[in-house]
Amino acid sequence: MNNQLRTVWNVTKWEYTRFFKWIDMIKGTVFFLAFGLIGGVIGFWVASDTLSVPEIAIHQYGEFDKENFQSKELRFSDRTNDSMELLLEELQAGSLDGILTIVSSDSATIRMKSQRGWLLSLRQFLKEQRTELKLQEFNIDATVFAAIEEGMVLHTEFDRGSESSSADKWLAGIAIFLVLIAVFMGFAYQFTAITGEKQQRITEQVISAIHPQTWIDGKILGITGIGLTYVVYYGGLGLISVVALVNFTGAPFGEALALINPGLLLLFLILSLLGILMINSFFAGIAATIDDPNTSQKSGLMMIPLYPVLFAFVAIFNADSTAIQILGMFPLTSYAILPVRLVMTQVAWWEPIVAIALLAATAWIFRLWAGKIFATGMMMYGKEPTIKEMVHWFRRS
Amino acid sequence: MLKFENVVKKFAKVKAVDDLSFEIKKGEIFALLGPNGAGKTSSIRMIMQIMEPDSGLISFDSSVLLGSKVNRSKLGYLPEERGLYQDAPIMKTLLYLSSLRGSDPAEAQKKATAWLDRFGILDRKAEKISTLSKGNQQKVQFIASILHEPEFAILDEPYSGFDPINQELISDIIRELRDGGMTILLSAHQMQLVENIADRILMINHGKELLSGTFEDIRNNTISDKKLIVSYNGAAKKELFESSAHIRNSIQTAPEEWEIYFSENYSLNEVLKIMIEAGTVKSLKTSDVNLHEIFIESFKTGGRVHE
């Protein structure tokens, strides 16, 4: 290994170990699970108390047959012989949750202390009762009515001949989600690492020892490494959870795995990795221009790399639109949009090649640009470079 | 070791370094002095390759070159703008900063252990930097700048944050490093310490040289190489000092004590006559001016020497 590569590796290791600690991650997971469990227990207790079956007194049945008023979610009691005053007293005392007065099949009143969640169930129940009543009234057979209600089955066929499997679609969605995790990690750590070094006045001694490009390369790789570790960790946890769930429910997990196209999987990995490297270079360049993260207006620029992920959701609705086709190859968006196109529609063989080539070239240019901005921006204390100056450095890179 | 020839560096319309030239010899302690904004930091940053001069030439001895480029592992730097990774352990920080200068990790660990021991903080090597006092953090910073045993080290304000005992310790270490063959460029505001340690001194202001040479050369060449300290019984008539052509400056250092600086073409008899006229003299002593006084005086007069 030559000196420069060794130094990049030293910086990469430093940045990685500075922010990433296994013990903290495991502790975090244990806390997450513990608090999840506590939350679940408390939630269950609160829900069981709040969502208990309500006691509803029926003061009038209208045209309905009282025998039909039976439900698992609602407990009805026939109180047609009691006075409304008595029922209201019971409602105030809390022994009743509601008083239902049915005037006709078109009108009824429910009296409660305040708004309650079980009202939805009551509405649904009354609707069903009314439907039954109207079927009898108009002498319509229940099976005929069910046939009328049943919708038309619409089968889909595509020009491409066959559609990607659901497993591939899930894979594309997971790839974008994991990229999003890595993007957020990159955002958080690059910001902390670089603005922290500026504020702690560490910059000058490091920049006197190594070339700024070497330093920024190590940073980009180290922070990308942290993002990928989180992706692998949470991806692994997710996989373990799915396998556990599958074993519990007996779902055909093995068959679903067999549906995954290994070529697509490889493409997703390449696009994700290059995308994360490009974004981290962008983050590093912007972070180097920020003097005080509490007041800098440039902090907003750090949100830009999140846009492609948002566009990817739009791509789901029409993966063949011209805009989405172009964005699928455009280097700033391809890492998120091309995976969607690959699983949603027919993509020409050259599109992934062009997208990967452009993405790799852009990641490289962003790396150089970040190095230029870093070299100058990191030494600027109390003053931030203007957008004009940053564009100038970008062109020089 | 280093030649700094006709170097110019501008920031917007301000010339931070204005056609400045000097040379640092191998194995010497060279002090670069000047008031704030004189151009010291810009000069140092250009030497450290952090910024490039607009014109002029900075050339190094072959011992710090690798081919035609400066070998950064042969340079050491304690910048004025300094800090450490507050959340990182002390030893780990030293090893990392040393690795950036190309040090062998095992060697660096041995040396770091010895330095931490000398500074009395070895038992805290596994603690985070943030747990150290400001003075102890300065010690770690100082160690980081020389741990890799550079050929040429720049120490910008190395005494900053230290008590007098540790300032003396730093001076002793700087001398030892020089005696071991290291060339050192020193910039500091503690004139007494610089006076005692520097082999040669360069004073600059507005990016230009004011004075240069050994301390003796500078003192012999400055306007105020002699002064008298006179004590009176009661008040002295200061207007007599101010009106005399033989006295260039007079400073009241205590209610009844004055420092009298001579003019260029003074007559000692005349000066003594004025002193006696000014009041009842209680005591009188001569004194050489120190670097602090030369520093102050040079910047008042723009560094003029005997004509």
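Trainee: What does the accessible surface of chain B come to, and how much of it belongs to carbon and sulfur atoms?
Mentor: Bearing in mind that this is a predicted model, the accessible surface of chain B comes to about 13,900 Å², and 48% of that belongs to carbon and sulfur atoms.

Trainee: And what share of the residues counts as buried?
Mentor: Chain B has 307 residues, of which 52% count as buried.

Trainee: How many positive and negative side chains are there?
Mentor: There are 38 positive and 43 negative side chains in chain B, and the centres of these two sets lie 4 Å apart.

Trainee: Switching to the fold, how many helices and strands does chain B have?
Mentor: Chain B contains ten helices and 15 strands. Three of the strands form an open sheet in the order S2-S1-S4 (chain B), and their pairing is antiparallel.

Trainee: Why is one side of S2 and of S4 in chain B left without a neighbour in the sheet?
Mentor: Strand S2 (14-24) and strand S4 (55-60) of chain B stand at the edges and each has a single partner strand, so one side of each has no neighbour in the sheet. From one strand to the next, the twist averages 20°.

Trainee: Over how many bridges do S1 and S4 of chain B pair?
Mentor: Strand S1 (residues 2-11) of chain B pairs with S4(B) over five bridges in the antiparallel sense, and Leu2(B) has Phe60(B) in S4(B) as its bridge partner.

Trainee: Which helix packs on the sheet?
Mentor: Helix H1 (residues 40-47) of chain B does, touching S1, S2 and S4 of chain B, and its direction makes about 120° with that of S1(B).

Notes:
Residues numbered from 1 in each chain as written. Chains lettered and ligands numbered in written order. Predicted model: local features only at pLDDT ≥ 70, side-chain atom pairs only at ≥ 80, totals over all residues. Heavy atoms only, no water. Helix = DSSP H or I, 4+ residues; strand = E, 2+ residues; numbered from the N terminus. Buried < 20%, exposed > 50% of the residue type's maximum accessible area, 1.4 Å probe, protein only. Areas by Shrake-Rupley, 256 points an atom, 1.4 Å probe, with all protein chains shown as cover. Lys, Arg positive; Asp, Glu negative; His and termini not counted. Charge placed at Lys NZ, Arg CZ, Asp CG, Glu CD. Pairing = 2+ DSSP bridges. Axes fitted to C-alpha atoms, helices over the stretch in contact; angles between N-to-C directions. Contact = heavy atoms within 4.5 Å.
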